[in-house]
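Biologist: I have a structure open and want to go through a few parts of it. Can you take my questions as they come?

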Amino acid sequence: MAITRTPTLGLGERLVAAGLIADTHLELARREQKRQGGSLGKILLDLGFVGVDKLTNFVAGEAQARMVDLNRIVIDKGVLALVPLELCRKFRLLPVERLNGTLTVAMADPLNVLAIDTLGQVTGLHIDVVTATEQDILNLLDGMQRSGDSIKESIDKIIQEEVDEAKVVTRTEAADPGVTQDDAPVIRLVSQIIARAVNIGASDIHFEPEERLLRIRTRIDGLLHPDVLIPKSLQSAVISRVKVMADMDVAENRTPQDGRASVLVGRKEINLRVSSLPTTHGENVVVRILNPSSSVSSISTLGLSPADEQNLRAAVDRPHGVVIVTGPTGSGKSTTLYAILREVASAEWSVFTLEDPVEYSMAGVRQTQIREDIGLTFSSGLRTLLRQDPDIILVGETRDTETAQLMVRAALTGHLVFTTLHTNDAPGAIPRLLDMGVEPYLLPESLIGVLAQRLVRRICPQCKEPVEHPEMMFANMKIELGRGEVARAFHGKGCAVCNNSGYKGRQAVFELMMLDGRFNVPIVKRCGSPEFMRLAREGGMSTMFEDGLRRAMQGTTTLEELLRATRME
């Protein structure tokens, strides 16, 4: 790909001109660059002034190069061997494909003509440039450079060396900076398990003790998959190592514990939430992986229908009121709320959050971690927060009567409030709030809208193909189409990219109920969910099933996934 133009302005000025950052952001970033060195782009990312996807897309657009996700590409080892590792690291690039006489190379800076010319001389091939994030490139290069043992080899080495268990689990050693992976094989083993889970896109790691072994399973795209079996003799050391990382009491194994940890996978910092629970055969530990790179950056990337996106934007643009996101645990509610906050947070507004836990750090937002053990609950935190002169408030979860009442009164006194509830659908949020003690006459004046959601797996784009005779599938599933609609369905046949599952990643299906004057009398009369569903449907609301059906016919998910997630018969 020929690079035809070289901008005369620096990266910072070009970002300001494009409206991606403000002049004040650039000024502060340059001060930090003088103080600590490094590239301006990385400093802007570290300060949270611009998202990694927006920055990479901007650079790719300038260079007229398409952007690729290296985490979704299987790269042949022969292609990787075409360019020396030192050269890849120097120019922040990675060869991804060779086709005839052309080598496709992913670059963090596709405008680097020197790098492109050097590659052409070294390989003797025509260079086609695509763009990827610098972090993804460096992570893959680090993985190539490390020739460490596999998890299985690490387990065998621990057994053969008969490692002294006490040596690898004490807090003293864990805090000693002189300890290396070679000194502590169990530390290395746990790090390998976590790194592999992060690299394959897992959201959770389950350490499950059984009678004769310790079973490891990872949750990928919402479903648990077997990972590795560890001998029972290593169970205590492995579980203790995880607890040490999370600053939990290793000596206490009779009561549940919670902890947090931060680890480096490649060059990426990953936050972990750790929970332990005593079971018959030992402590069961679940590690939740909080990967900042997986978070959604804006409302437009959530995947809402055009009508729902327009209504949601209108709701969050209101000066005051309550917007609720509902769904079961693990349905992506936090991701949706963070996407909303990223758009509404600005220098003109004072934005606060109460979260349990704080999953991702956001620039310009004051985030508070709930600590019930010291009395910092959602209700007490909200009472204090209202004295902090907020404009926008995020209450991570409305769990009790006091929080619900305070939230509604905050909306009535001029604040915009976002929160979550656990209900099966959007209409069910109204009876739930009434049951929690919110006065019926206050709700119509404060509640703007309710967004319900579920997660479904995406069809792998690399192996997606249409289903033959989809009309038979629709008939068997008793799914009726509207007049003039033609039955269309897709599935993934399985490939190396999706580990032969046919799915890669997840997306949400939504239903958005916007309130208007028609809801006032039914709310005061405490009507049930069916009446609110009827009113919402009259107002044009599409259900989660209908939204998912639209996506299935567009080819982003399967009918089987839709039925599984929405529990439709």
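Biologist: Is α12 mostly covered or mostly open?
Modeller: α12 is mostly covered, with 12 of its 15 residues buried, buried being under 20% relative accessible area with a 1.4 Å probe, protein chains only. Keep in mind that this is a predicted model, where local features need pLDDT of at least 70, side-chain atom pairs count only at pLDDT 80 or more, and totals for chains, interfaces and linings use all residues. Residues are numbered from 1 along each chain as its sequence is written, and side-chain values use heavy atoms, leaving out hydrogens and water.

Biologist: Which residues of α12 are buried?
Modeller: Among them are P185, R188, Q192 and V198.

Biologist: And what follows α12?
Modeller: G201, with a positive phi near 80°.

Biologist: Switching topic: at what angle do α16 and α17 pack?
Modeller: Helix α16 (residues 378-385) and helix α17 (residues 401-412) pack at about 25°, with axes 8 Å apart. That makes α16 roughly parallel to α17, the term for angles under 35 degrees.

Biologist: Which residues make that contact?
Modeller: F378, S379, L382 and R383 of α16 meet E402, T403, L406 and M407 of α17, where contact means heavy atoms within 4.5 Å.

Biologist: Where is T558?
Modeller: T558 lies in the loop between α23 (544-554) and α24 (559-566).

Biologist: Why does T558 count as buried?
Modeller: Because its relative accessibility is 1%.

Biologist: What does T558 touch?
Modeller: Leaving out residues up to four places away in sequence, T558 touches I459, F490, H491, Y503 and A552.

Terms used:
Buried < 20%, exposed > 50% of the residue type's maximum accessible area, 1.4 Å probe, protein only. Helix = DSSP H or I, 4+ residues; strand = E, 2+ residues; numbered from the N terminus. Axes fitted to C-alpha atoms, helices over the stretch in contact; angles between N-to-C directions. Parallel < 35°, antiparallel > 145°, perpendicular 65-115°, else oblique.
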